[in-house]
Amino acid sequence: IKLKDIGKNRLATMGIAAILVMIVHLWGAAEWPMWLQHIQQFGQNGVDIFLFLSGLGCFYSISSRSTGEFYQRRFLRIIPSHLIVLIAYGLIKVLSWGYSVWDYYYENSLLAFITHGYTLGWFVSAILILYAITPLLYKLYTKRNVWYWILFAVILVIDSQMCFMNLGDMVYNIRELFFNRIPVYMLGFAIGDYIKKNPEHEVQLVSFKWIASTVALLALFFVNSWFAPQSIVMDLCHYIAILLAPVCVLWLTYLFNHIPHQFITDIGNMSLETYLINEKLAILLWVYLPRSDNYIINLFAFVLTLIGADLIRRASNGITRKVQNL
């Protein structure tokens with residue numbers, strides 16, 4: 001299995017990431033079998049896998065296009081689907097639940113995420129910020145490679161030490177949901193270049209290199225955890241899982257070279273849309289199916305997520321084609 005296979009199986013791997021995130025959004029987790037609860041605890045790393053692959057894809061995109069073309073393609077991929085979901089869900093909350101228009105859209109905005117740590121629209125806010133700074137990252141990586149890795153190391157050190165500070169819920173949300181995801185995006189960015197230069201390297205060899213380097217890099221942080229509460233230790237474990245996202249991607253690539261995966265690839269092709277609507281659908285079902293148990297709600301949410309994501313993806317593609325024609 002070669003590194004170049006990552007590109008071939010990229011959408012299937014994104015499909016796994018989307019499924020993991022949907023498992024994280026399960027309602028009534030205490031009722032699920034223990035094995036499913038373990039998967040749910042790991043499910044947060046679906047976001048890490050997605051951001052790693054986004055960084056990898058953005059390297060190829062920015063390296064073959066102008067900055068303007070890069071922004072056009074990236075933002076057209078995000079904005080139409082986001083606006084469709086935002087408007088539809090907003091109509092329900094404003095007309096049926098008594099929300100004001102300003103409160104709803106503020107809670108889902110980039111400003112609310114930065115100033116108050118509101119997490120309703122955190123993923124779109126985070127990915128738009130990363131897309132916005134990608135041309136700067138590319139220039140730094142290609143012109144001042146050493147400074148790129150210095151910046152990477154500084155973010156790692158700052159973020160790891162923030163685990164030991166009581167910064168309040170707002171700052172914690174920003175750190176947990178965005179700041180400690182910057183390194184995995186930067187890794188994907190650099191790995192994109194590595195794959196381009198070494199397409200024939202084998203997955204197994206590279207995986208062991210990443211495991212060794214990750215453990216060595218974080219050994220110092222574990223020393224501090226000996227004197228910290230259990231919650232801090234778990235936070236650091238999640239931090240390590242973020243940096244092991246490249247290894248997860250490599251081994252999923254190996255898996256998808258041996259099994260059929262068209263259905264999972266289809267989910268990966270609409271992974272953004274599943275992120276946008278899955279949790280919102282679960283909330284709506286919880287409100288409007290009050291007599292249903294958690295199994296029914298989550299089953300409906302899963303099925304409706306796939307159907308809705310496909311419809312939104314088709315509508316978004318139509319909007320994008322019209323904009324590009326203009």
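**Basis**

I worked from a predicted model, in which local features need pLDDT of at least 70 and side-chain atom pairs count only at pLDDT 80 or more, while totals for chains, interfaces and linings use all residues. Residues are numbered from 1 along each chain as its sequence is written, and side-chain values use heavy atoms, with hydrogens and water left out.

**Entry 1: α4 and α11**

I took helices as DSSP runs (H or I, at least four residues; strands are E, at least two), numbered from the N terminus. I looked up helix α4 (residues 45–63) against helix α11 (residues 182–197): their axes come within 7 Å and cross at roughly 50°. The axes are lines fitted to C-alpha atoms, for helices over the stretch in contact, and angles run from 0 to 180 degrees between N-to-C directions. α4 and α11 are therefore oblique to each other (under 35 degrees counts as roughly parallel, over 145 as roughly antiparallel, 65 to 115 as roughly perpendicular, and the rest as oblique). The crossing of α4 past α11 is right-handed, that is, the near helix is turned clockwise from the far one by less than a right angle.

I then noted the residues in contact (heavy atoms within 4.5 Å). On α4 they include L51, F52, L56 and F59, and on α11 they include V184, L187, F189 and D193. By class, I recorded 13 nonpolar, 5 polar and 3 charged residues in the contact of α4 with α11. Here Ala, Val, Leu, Ile, Met, Phe, Trp, Tyr, Cys and Pro count as nonpolar, Asp, Glu, Lys and Arg as charged, and the others, Gly among them, as polar.

**Entry 2: α4 and α8**

I next looked up α4 against helix α8 (residues 122–143), where the axes come within 10 Å and cross at roughly 40°. That makes α4 oblique to α8, and α4 passes α8 in a right-handed crossing. Among the contact residues are V47, F50, L51 and F59 of α4, with W122, F123, L130 and Y138 of α8. This contact of α4 with α8 has 14 nonpolar, 3 polar and no charged residues.

**Entry 3: N9**

I found N9 in the loop between α1 (5–8) and α2 (10–24). Is N9 buried or exposed? N9 is buried, at a relative accessible area of 1% (buried is under 20%, exposed over 50%, partly exposed in between; 1.4 Å probe, protein chains only). Neighbours within four places in sequence aside, N9 contacts T253, F256, N257 and H261.

**Entry 4: salt bridges**

I counted a salt bridge where a side-chain nitrogen of Lys or Arg is within 4 Å of a carboxyl oxygen of Asp or Glu. The structure holds 6 salt bridges, and I looked up several.

- K4 pairs with E200, with closest N and O atoms 3.1 Å apart. K4 is in the segment before α1 and E200 in the loop between α11 and α12 (203–225), 196 residues apart. K4 is partly exposed at 44%, and E200 is partly exposed at 44%.
- D193 and K197 meet in a salt bridge at 3.2 Å, N to O. They are 4 residues apart in helix α11, about one helical turn. D193 is buried at 10%, whereas K197 is exposed at 60%.
- D310 forms a salt bridge with R314 at 3.0 Å between the closest N and O atoms. Both lie in helix α17 (residues 294–325), 4 residues apart. D310 is partly exposed at 29%, and R314 is exposed at 56%.
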